[in-house]
Every structure is written in C-alpha cells, then in structure tokens.
Amino acid sequence: MEYLLILLAALARVVPHPSNVTPVAAMALFGGAFLSRRFALLYPLAVMLISDLILNLFVYDIPIFIPESFLVYASFLITGGLGIWCRNRRTLGVLVGVSFASSVQFFLLTNFGTWLFSGLYPQTGAGLVQCYTFALPFFQQSVLGDLFWLSCLLGAHRIASRWLPARIRASF
C-alpha cells in the first residue's frame, strides 16, 4: 500500500497542477503523525526523487541536484519531523497548525535557497526581501495545497479505519 502512495504522489507531481500544490508535504506530515517514522522521512524523499527524475527526463532540461533542491528535500524531512512531533497530539487543530507551520518553513527555507544559489536576486537584504515577495503567490498555493492533500489523506485514513478489515489496515 505504501508503494502505491509513493507512485500516486509522484504522479501528482508530474501531471499538470497548480504550482506548489502537490501531496508531498501532506504525505510527510501524515506519515509522521499516523504511520511509521520510516514513511514520514523516507517516502516523501522517494516521491521527490522519482518525480524529479521523470520531470528531468521529459519536461525540464536542468540538473536535478542543484543546491536549491537539497533544501527542498530537507524541507520535507523537517515536515516529516513535525508529523512525528504531533504523533501524540493528533487533533484537527494541531494537524492544521502543523500543516501551516510546514508550509511556512518550506517557504522560508526554499526561497532562501533560491536567493542564495540561483543568481536571480542580488545577495543583499533587499534581494532577499525581493525573493520572498515574489514568492508570496506560491506560498498561498502551498498552504492551500498542503491543507487540501492533508484533508484527502485524513479522509482516506478515516474511511480505511472504519471499512477495511484489520489485516489490510495494518499495511497502512
């Protein structure tokens, strides 16, 4: 079942979608909160690697492992850690708050990397502010996308926990 989630999430990153509206952060958060720690930390990285390879082969003509990409991957590890942190605090309010915190840290970390490594912005305080300002529309997309995908995962988990036999649920 976990491998199916990886493939579906990778596919969701590859098919056309609004910018920053993918299930990877929600998958890391949900995995940490409800599933194994391995799922929270390893599987989102697998989704990113698989989908980055596909995107690089068929869509983009840029190297996969540019310095900014390491910060994207690190951000998903942080999100998995946030999920693990809220494992014993799994109320809807906590999950929504942690999802928002995940979106914020993704925005701050990845856009700092864009400013630092891309050469698109001057290496000044004003350049950093400009980078974050230009990224604000993507931040809104991330927040909404993360909440949407987390809601999908929570709903699927709830349905599975009520309707699937225990031996099948154990594979989640």
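Is V98 buried or exposed? I looked it up, and V98 counts as buried, because its relative accessibility is 7% (buried means under 20% relative accessible area, exposed over 50%, partly exposed in between, with a 1.4 Å probe and protein chains only).

Before going on, I noted that this is a predicted model, where local features need pLDDT of at least 70, side-chain atom pairs count only at pLDDT 80 or more, and totals for chains, interfaces and linings use all residues. Residues are numbered from 1 along each chain as its sequence is written, and side-chain values use heavy atoms, with hydrogens and water left out.

**Entry: helix α5**

V98 sits in helix α5 (helices are DSSP runs of H or I, at least four residues, numbered from the N terminus). I checked the length of α5, residues 92-117: at 1.5 Å a residue its 26 residues should span 38 Å, and the end C-alpha atoms are 37 Å apart, which agrees. The expected span is 1.5 Å times one less than the number of residues. Just after α5, I found G119 with a positive phi of about 80°.

**Entry: what α5 packs against**

I listed the buried residues of α5, including L95, V98, S99, F106, F107 and W115. The buried residues of this helix pack against α2 (24-34), α4 (67-85) and α6 (125-163).

Leaving out residues up to four places away in sequence, V98 touches L29, L82, W85 and C86 (contact means heavy atoms within 4.5 Å). V98 and L29 are 69 residues apart along the chain, yet their C-alpha atoms are separated by 8.1 Å.

S99 is also in α5 and is buried, with a relative accessible area of 3%. With neighbours within four places set aside, S99 contacts L29, D146, L147 and L150.

**Entry: the cores**

Of its 25 residues, F30, F34, F76, L95 and L150 touch the most other members. Helices α1 (2-14), α2, α3, α4, α5 and α6 each supply at least two residues of this core. α2 gives the most, with 8 residues. Apart from this core lies another, of 5 residues, among them F107, Y132, F139 and V143.

**Entry: one for the surface**

Where is I54? I found I54 in helix α3. I54 counts as partly exposed, because its relative accessibility is 32%.

Definitions and conventions. A nonpolar core is a set of buried Ala, Val, Leu, Ile, Met, Phe, Trp, Tyr and Cys residues joined through side-chain atoms within 4.5 Å.
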